Amino acid sequence: VRPNFSLLFQEIGRRGWDIIFLQETHFTRRCEHLLTNRHNIWQSSKSAGKKDSCGVAILIKATIPFRMEYVARDDEGTLLLLMGELWGEHISLVSLYALVQGGVEFWRKVSVCFFLKRHSLGHLLLAGDFNYVIDPTWDCTTHRRTWEADTLKALVRLMKDLEIEDLWRLVHPQGRDYSFFSNPHQSYSRIDLLWGSAYWQAITVGVSIHELTWSDHAPVAVDCGGYNLVACVFGVC
């Protein structure tokens, strides 16, 4: 089911977000134009596969002085990397959608992608629908779903290799909140994540999980304080 992009842009405008990482856009390469805002408020980049089961994108408000230098994307519509300059700093923005059936092999692919470019990444902000939780005890309401040990190990290894942290958990070390509701399992989990390097950790003043509305994923927003920047991860379908 393709998401309602009119509702998406209405919510983005109401919330005042500046950078939006989208997952499950459900467009193919022929349909990427559907995510182009006609008022030219956003600069956008997308990754779309041959089928419409995936799709990721990054929207950046035109008033944000981001100068893009490099774009990398996969062929399946699950990974998009933007490298560029913002406020005199080199940064990298990554939107990803981890397929449940991809398992540990998906995370190995991501690790290889970063390994090849890790010396030129700059300050990394990685956001997406991970379809896994780091800590099943804290980040989901039921253990009915099987969390594969190998995948969890790969996620932890990825965080260590890239020296990034879960920004929500950093702000809420003992907190419990959830971004996704699974109707078949009748359970909540926190699978929509924003991971940042030391630079993003230092400027983050708050991270909020908003209410569920028209999508079965709740938007998760990080407030970068004095920089007047709010980045959000949003599974839109």
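Cysteine 140 is buried, at 7% relative accessibility, and cysteine 224 is buried too, with a relative accessible area of 1%. A search of the whole structure turns up zero disulfides. Please keep in mind that this is a predicted model. With that said, here is a friendly tour, from the overall make-up down to single residues.

**Overall make-up**

- The protein holds six helices and 14 strands.
- Of its 237 residues, 53% are buried.
- The accessible surface of the protein amounts to about 11,000 Å², and carbon and sulfur atoms account for 50% of that surface.

**Nonpolar cores**

- The largest nonpolar core has 31 residues, and the members that touch the most others are Phe21, Leu93, Leu194 and Trp200.
- Another core, of 27 residues, lies apart from it; Met83, Ala98, Phe114 and Trp195 are among its members.

**The six-stranded sheet**

- Six strands form an open sheet with mixed pairing, in the order S4-S5-S6-S7-S11-S8.
- The edges are taken by S4 and strand S8 (165-166); each has a single partner strand, so one side of each is left without a neighbour in the sheet.
- Strand S4 (residues 66-73) pairs with strand S5 (residues 79-86) in the antiparallel sense, over seven bridges.
- Within this pair, arginine 67 stands opposite glutamate 85 in S5.
- The hairpin of S4 and S5 has five residues between the strands, and glycine 77 takes a positive phi there, near 75°.
- On to the next pair: S5 and strand S6 (residues 89-97) are joined in the antiparallel sense by eight bridges.
- Leucine 82 has leucine 93 in S6 as its bridge partner, and Leu93 is also one of the residues named for touching the most other members of the largest nonpolar core.
- In a regular strand, side chains alternate between the two faces of the sheet.

**Arginine 190, a buried charged-type side chain to look at**

- Arginine 190 sits in the loop between strand S10 (187-189) and strand S11 (192-196).
- Its relative accessibility is 2%, so arginine 190 counts as buried.
- The side chain of arginine 190 makes a polar contact, at 2.8 Å, with the side chain of aspartate 166.
- Leaving aside residues up to four places away in sequence, arginine 190 touches Tyr132, Val133, Asp139, Asp166, Trp168, Arg169, Asp177, Tyr178, Ser179 and Ile209.

- Glycine 206 belongs to strand S12 (residues 206-209).
- With a relative accessible area of 19%, glycine 206 is buried, because the cut-off for buried is under 20%.
- Beyond residues up to four places away in sequence, glycine 206 touches Ala221, Val222 and Asp223.
- Cysteine 224 is 18 residues away from glycine 206 in sequence, while their C-alpha atoms are 7.3 Å apart in space.
- Serine 215 lies in the loop between S12 and strand S13 (220-223).
- Although in a loop, serine 215 counts as buried, at 6% relative accessibility.
- The side chain of serine 215 reaches the backbone nitrogen of histidine 217 at 3.1 Å.

Notes
Residues numbered from 1 in each chain as written. Predicted model: local features only at pLDDT ≥ 70, side-chain atom pairs only at ≥ 80, totals over all residues. Heavy atoms only, no water. Helix = DSSP H or I, 4+ residues; strand = E, 2+ residues; numbered from the N terminus. Buried < 20%, exposed > 50% of the residue type's maximum accessible area, 1.4 Å probe, protein only. Contact = heavy atoms within 4.5 Å. Polar contact = N/O pair within 3.5 Å; in protein donor to acceptor, adjacent residues only side chain to side chain. Core = buried A, V, L, I, M, F, W, Y, C linked by side-chain atoms within 4.5 Å. Areas by Shrake-Rupley, 256 points an atom, 1.4 Å probe, with all protein chains shown as cover. Disulfide = S-S within 2.5 Å. Pairing = 2+ DSSP bridges.
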